[in-house]
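Colleague: I have not looked at this one before. Can you walk me through it?

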Amino acid sequence: MTDLFSGNEPPQTGREVLAGGAVLLRGFALPHDKALIAAIDAVAAISPFRNMQTPRGFTMSVAMTNCGAAGWVSDGRGYRYASRDPETGSPWPAMPEALRGLAESAATQGGYPDFHPDVCLINRYAPGAKLSLHQDKDEREFTHPIVSVSLGLPASFQFGGLRRDDPIRRHALRHGDVVVWGGPSRLFHHGILPLKEGTHPELGRIRLNLTFRRAL
Ligand code: MD3
Ligand code: FE
């Protein structure tokens with residue numbers, strides 16, 4: 001399996017509406033993948049990826065870092081946005097312009113021309129890592145969308161509804177896919193199933209996910 005795509009699929013493009021306010025832009029980030037990965041490496045050189053503790057004392061399988069005016073953190077005291085990286089004691093690195101620009105152009109494409117993120121949470125998955133079903137509700141307002149960018153190994157994304165027991169659909173998120181989550185979908189439950197083993201030509205045995213947020 002030496003080809004770029006696991007089953008020899010061509011890279012997909014185009015737009016899919018996943019739910020009200022949730023627009024998947026297939027391959028939107030593909031032309032910029034190397035610049036995005038370089039920007040993530042620069043962020044991680046300042047604030048390294050780390051496996052945070054959940055409030056109940058478990059270690060998350062997903063490693064995380066942040067850039068921007070604040071970062072999402074989890075520890076024994078709960079979940080919150082913090083202006084400093086607790087591991088370094090310094091402010092989180094600034095959001096690289098290559099990241100901000102991609103997020104804003106995707107948001108515009110998805111119908112949110114006034115989106116200006118102040119935080120980018122960066123998730124790193126190795127095979128086996130997962131993110132259990134949750135809602136993103138640590139942000140001050142839910143009127144802004146979230147923009148997510150997937151890079152590296154493909155993932156099986158779970159997308160439910162407002163209630164935890166609403167029916168769940170699965171979607172594949174692949175290298176270069178961007179999703180704009182606004183409107184009614186902003187508070188929908190979502191998660192990532194355990195990452196399958198594989199090797200990506202740019203990132204090896206890794207999946208990266210960027211989520212751009214207006215948190216403060
Ligand atoms: C639907 N990240 O960081 S991205 C997260 O792939 C997170 O690492 C996942 O969930 C990942 O919080 C999923 C897709 C995503 C992101 C934010 C959403 C879907 C969303 C917010 C609202 C609804
Ligand atoms: Fe989330």
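Modeller: Here are some notes on the metal site, the cysteines and the aromatic rings. This is a predicted model, where local features need pLDDT of at least 70, side-chain atom pairs count only at pLDDT 80 or more, and totals for chains, interfaces and linings use all residues. Residues are numbered from 1 along each chain as its sequence is written, chains are lettered from A and ligands numbered from 1 in the order in which they are written, and side-chain values use heavy atoms, with hydrogens and water left out.

Colleague: Which protein donors does the iron ion (ligand 2) have?

Modeller: H134 (NE2), D136 (OD) and H190 (NE2), at 2.0 to 2.2 Å from the iron ion. Donors are N, O and S atoms within 2.8 Å of the metal (3.2 Å for Na, K and Ca); water is not among the atoms, so sites may look incomplete.

Colleague: What spacing do the donors follow along the chain?

Modeller: The spacing is H-x1-D-x53-H.

Colleague: Is D136 buried or exposed?

Modeller: D136 is buried, at 8% relative accessibility. H134 is partly exposed, at 22%. Buried means under 20% relative accessible area, exposed over 50%, and partly exposed in between (1.4 Å probe, protein chains only).

Colleague: Changing topic, how many disulfides are there?

Modeller: Zero, from a search of the whole structure. A disulfide is a pair of cysteine sulfur atoms within 2.5 Å.

Colleague: Why is the pair of F159 and W181 edge-to-face?

Modeller: Because the planes of the two rings are at 70°, with the centres 5.0 Å apart. F159 is in strand β9 (residues 155-159) and W181 in strand β11 (residues 178-181), so the pair links distant parts of the chain, 22 residues apart. Strands (E, at least two residues) are DSSP runs, numbered from the N terminus. F159 is buried at 5%, and W181 is buried at 10%.

Colleague: Which residues do ring pairs link into a cluster?

Modeller: F157, F159, W181 and F188.

Colleague: What lies over the face of Y125?

Modeller: R207, at 5.1 Å from the ring centre. A charge sits over a ring if NZ of Lys or CZ of Arg is within 6 Å of the ring centre and within 35 degrees of the ring normal.

How values were computed:
Phe/Tyr/Trp six-rings, centres within 6.5 Å; stacked < 30°, edge-to-face > 60°. Helix = DSSP H or I, 4+ residues; strand = E, 2+ residues; numbered from the N terminus.
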